[in-house]
Amino acid sequence: MNLPDLTVTDVRQHVYCPRIPYYRYTLPLERPVTAKMDLGREEHESTSAKESRRTLKAYGIKEGERRFGVDLYSRHLHLRGKIDMVIFTRYELIPVEYKMTSGVGLHHKYQLAAYAMLAEHTFSCTVSRAFVYLTPEKRAVEVPITAAMRERVRGVLAELRRSVWNERLPAPTPHRGRCTGCEYRRFCGDVLAGGA
C-alpha cells in the first residue's frame, strides 16, 4: 500500500484519537460532515475577515505582515497543510490557528508543531512559537515549539503510517467523552460495547 502525503489534520486527529485518521485512510467512505464542522468553517471565515482589520496586539507584536490560508508542504516529511494565518515579522515567522473552543488541548499544540515544521521547510526559517486564537474569547494563546514536540510529530507520522500500512486498528482514545460526538463512533464496536 502506497500512502499519500499525510496532513496536519491527521496529526491533530491522531493525538485526539488515533482511530479517526486510521478510518479516514482505510475505510472507502467519504468523511461525514457534521453541523459542528460547518459551524467551524463559518467561524474560520468570519475570524479571518475580522483578523485582517485588527492590530497584532493580541499576539504581543507591534508590526508584521499577515497572510491567510497559507498552503504548506514538506517533501521530506510527506506532510501538507493549510494554516489559518502566518505572521511574518522582521525577526520571526509565527503560525496562527483559529479554534472555536475555550482551551488549548494537546492535539492543538501538536497541530501547531506540525505547522511550524512545515513553515520551516516552506520558508527556510526556524519557528520558535505559534499561537492558537480562541475565537469565543477573542484571545491568543502562545504555544512554544520545542524539540520534543517536533520529535513527537515525527513519531505520530510514523505511528499513523504503520497502522494504516499494516491495517492494524489503533487503540481508541482513553478519553471516552470524545467518542460521544465522533462521526466514526459507529465503527468502534469495542467502544460502543463499553457504553461510551
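Let's start with helix α2, residues 19–26. Helix α2 gives the most to the lining of the largest cavity, with three residues. Helices here are DSSP runs of H or I with at least four residues, strands are runs of E with at least two, and both are numbered from the N terminus. A cavity is a set of points on a 1 Å grid, over the protein atoms alone, where a 1.4 Å probe fits but cannot get out; lining residues have an atom within 4 Å of a point.

One caution on the model. It is predicted, so local features need pLDDT of at least 70, side-chain atom pairs count only at pLDDT 80 or more, and totals for chains, interfaces and linings use all residues. Residues are numbered from 1 along each chain as its sequence is written, and side-chain values use heavy atoms, with hydrogens and water left out.

Back to the cavity. How many cavities of 30 Å³ or more does a search of the whole structure find? One. The volume of the largest cavity is about 100 Å³. That volume is the space filled by probe spheres set on the grid points, which are joined across faces, edges and corners. The lining has 14 residues, and the closest to the cavity centre are Cys17, Thr173, Cys179, Cys182 and Cys188. By type, the lining divides into 10 nonpolar residues, one polar and three charged. For the classes: Ala, Val, Leu, Ile, Met, Phe, Trp, Tyr, Cys and Pro are nonpolar, Asp, Glu, Lys and Arg are charged, and the others, Gly among them, are polar.

Stay with α2. This helix is mostly covered, with six of its eight residues buried. Buried means under 20% relative accessible area, exposed means over 50%, and partly exposed is in between, with a 1.4 Å probe and protein chains only. The buried residues of α2 are Arg19, Ile20, Pro21, Tyr22, Tyr23 and Tyr25.

Arginine 19 deserves a slide of its own. What does arginine 19 form a salt bridge with? The partner is aspartate 190, and the closest N and O atoms are 2.8 Å apart. Arginine 19 sits in helix α2 and aspartate 190 in helix α6 (residues 189–193), so the pair ties together parts that are 171 residues apart in sequence. A salt bridge, for the record, is a side-chain nitrogen of Lys or Arg within 4 Å of a carboxyl oxygen of Asp or Glu. Arginine 19 is buried, at 4% relative accessibility. Aspartate 190 is partly exposed, at 44%.

There are 10 salt bridges in the structure. Next, arginine 129 and glutamate 142. Their side chains meet in a salt bridge, 3.3 Å from N to O. Arginine 129 is in strand β5 (residues 129–134), glutamate 142 is in strand β6 (residues 139–144), and they are 13 residues apart. Arginine 129 is buried at 15% relative accessible area, and glutamate 142 is partly exposed at 43%.

Arginine 154 pairs with glutamate 151, with the closest N and O atoms 3.4 Å apart. Both are in helix α5 (residues 147–165), three residues apart, about one turn of the helix. Arginine 154 is partly exposed, at 38%.

Proline 95 is in strand β4 (residues 93–99). Its relative accessibility is 2%, so proline 95 counts as buried. Beyond residues up to four places away in sequence, the residues that proline 95 touches include Ile83, Met85, Leu112, Tyr115 and Arg129. Contact means heavy atoms within 4.5 Å.

Two backbone points. Histidine 78 has a positive phi of about 55° and is not a glycine. Histidine 78 lies in the loop between β2 (65–74) and β3, and is partly exposed at 40%. Lysine 138 has a positive phi of about 50°, again without being a glycine. Lysine 138 is in the loop between β5 and β6, and is exposed at 54%.

Last, the whole chain. The chain has six helices and six strands. From the N terminus, the order is β-α-α-α-β-β-β-α-β-β-α-α. Of the 196 residues, 42% are buried. Among contacts between residues at least 6 apart in sequence, 62% join residues at least 24 apart.

Key. 1 Å grid on protein atoms, 1.4 Å probe; cavity = no way out; pocket = protein on both sides within 12 Å on 5 of 7 lines; lining within 4 Å.
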